[in-house]
Amino acid sequence: MSTLGLTNGKNGKEDFSFNNKDYPIGDPSVHLASVLGVLVGRNIALKHRDWRLVPREAKDNIRAVVQQRFVVDEFYKDYYVGKMGCYLKEARSRKAGKILSLDDLEKEEREKKLAALKPDNSTVDEWEEFVKHVCSEEFITKRFRMQQIRKKYTTPHTISRLGWARLEAKMQKERKTQEEIDRVEVWTMGHKQKEGKEPNPGVVEALEKIQRAAEEHGADVGSYVTNDLLAKALGDDKPGRTRDLHC
């Protein structure tokens, strides 16, 4: 599974390659991520607040569509089910943002725009219930709290759905090597802005900290994620997350 590049698909389907940590890499895995996002948005009603509450039949329908185009080993089923749960949250969040943006409109115009926002896979009653939930004090309070938490994250990456594993694989391919890329190099590449775009101040500060850590620790830096330059410069990773090791 650690072979770089792509394997030959079966029956014209897109197949995957995986790195030595069993994360999918290569273009087909990017295509699948995009396809899953679209399928979830089109087929899963927003009334479902948790992926675990989505009917099995709806999940199986998406899986059937995916299997028509991609070769996905059963071993990775849970991984992609988890990704679909994330895409449902994203779809609900995006729609909620659009609903709340209409608050300042006159009632008649607001109702008209709300009706235009209703997804085709939701009934009128389901849509009205979702709108009611989004406009509730409980939801708005929670949304504001999460927005404040996100504001504290000063080093947003620029890799979109490429993912850290695929970014590392891309760097390996460009360098014509299968050796692991240093975590600092992957992190730095994943936070670069496009040419001509103003660099993020938080990222600039983080890179300066990494440079100071390199000068201070030099050859004494550890090889583990709890003791490498990123850890020394930016602190320990948050529980359940490891910088540049997630898709």
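In the predicted model, helices α3 (residues 77-100) and α5 (residues 124-134) pack with their axes 10 Å apart and at an angle of about 75 degrees. Axes here are lines fitted to C-alpha atoms, for helices over the stretch in contact, and angles run from 0 to 180 degrees between N-to-C directions. The two helices α3 and α5 are therefore roughly perpendicular to each other; angles under 35 degrees count as roughly parallel, over 145 as roughly antiparallel, 65 to 115 as roughly perpendicular and the rest as oblique. On the α3 side the contact is made by Arg92, Lys95, Ala96, Ile99 and Leu100, and on the α5 side by Trp127, Phe130, Val131, His133 and Val134, contact meaning heavy atoms within 4.5 Å. By class, the residues of this contact of α3 with α5 comprise 7 nonpolar, 1 polar and 2 charged. In this division Ala, Val, Leu, Ile, Met, Phe, Trp, Tyr, Cys and Pro count as nonpolar, Asp, Glu, Lys and Arg as charged, and the others, Gly among them, as polar.

Residues are numbered from 1 along each chain as its sequence is written, and side-chain values use heavy atoms, with hydrogens and water left out. As the model is predicted, local features need pLDDT of at least 70 and side-chain atom pairs count only at pLDDT 80 or more, whereas totals for chains, interfaces and linings use all residues.

His133, with 15% relative accessibility, counts as buried (under 20% relative accessible area, with exposed over 50% and partly exposed in between; 1.4 Å probe, protein chains only). Neighbours within four places in sequence aside, His133 is in contact with Arg49, Arg92 and Phe139. Val131 in helix α5 is likewise buried, with a relative accessible area of 11%. Beyond residues up to four places away in sequence, Val131 touches Ile99, Arg110 and Leu114.

Ser122 is buried, its relative accessible area being 7%.

The crossing of α1 past α3 is right-handed, that is, the near helix is turned clockwise from the far one by less than a right angle, anticlockwise being left-handed. Ser29, Leu32, Ala33, Leu36, Gly37 and Val40 of α1 and Tyr80, Met84, Tyr87 and Leu88 of α3 make the contact. The residues of the contact of α1 with α3 divide into 8 nonpolar, 2 polar and no charged.

Tyr87, located in α3, is buried, with a relative accessible area of 5%. Apart from neighbours within four places in sequence, Tyr87 is in contact with Ala33, Leu36, Gly37, Val40 and Arg161. Tyr87 and Val40 lie 47 residues apart in sequence, and their C-alpha atoms are 6.7 Å apart in space.

Helix α1 (residues 27-43) also meets helix α2 (residues 56-69), the axes coming within 11 Å and crossing at roughly 150 degrees. That makes α1 roughly antiparallel to α2. The crossing of α1 and α2 is right-handed. In α1, His31, Leu32, Val35, Leu36, Leu39 and Val40 meet Ile62, Val65, Val66 and Arg69 in α2. Of the residues in the contact of α1 with α2, 8 are nonpolar, 1 is polar and 1 is charged.

Lys176 lies in the loop between α7 (164-175) and α8 (183-190). Although not a glycine, Lys176 has a positive phi of about 55 degrees. Most residues other than glycine have a negative phi. With 78% relative accessibility, Lys176 counts as exposed.

Overall, the protein contains 10 helices and 2 strands, helices being DSSP runs (H or I) of at least four residues and strands runs (E) of at least two, numbered from the N terminus. Along the sequence the pattern is β-β-α-α-α-α-α-α-α-α-α-α. Of the 247 residues, 34% count as buried. Among contacts between residues at least 6 apart in sequence, 59% join residues at least 24 apart. The accessible surface comes to about 16300 Å², 49% of it belonging to carbon and sulfur atoms; accessible areas come from the Shrake-Rupley method with a 1.4 Å probe, and for residues only the protein chains shown count as cover.
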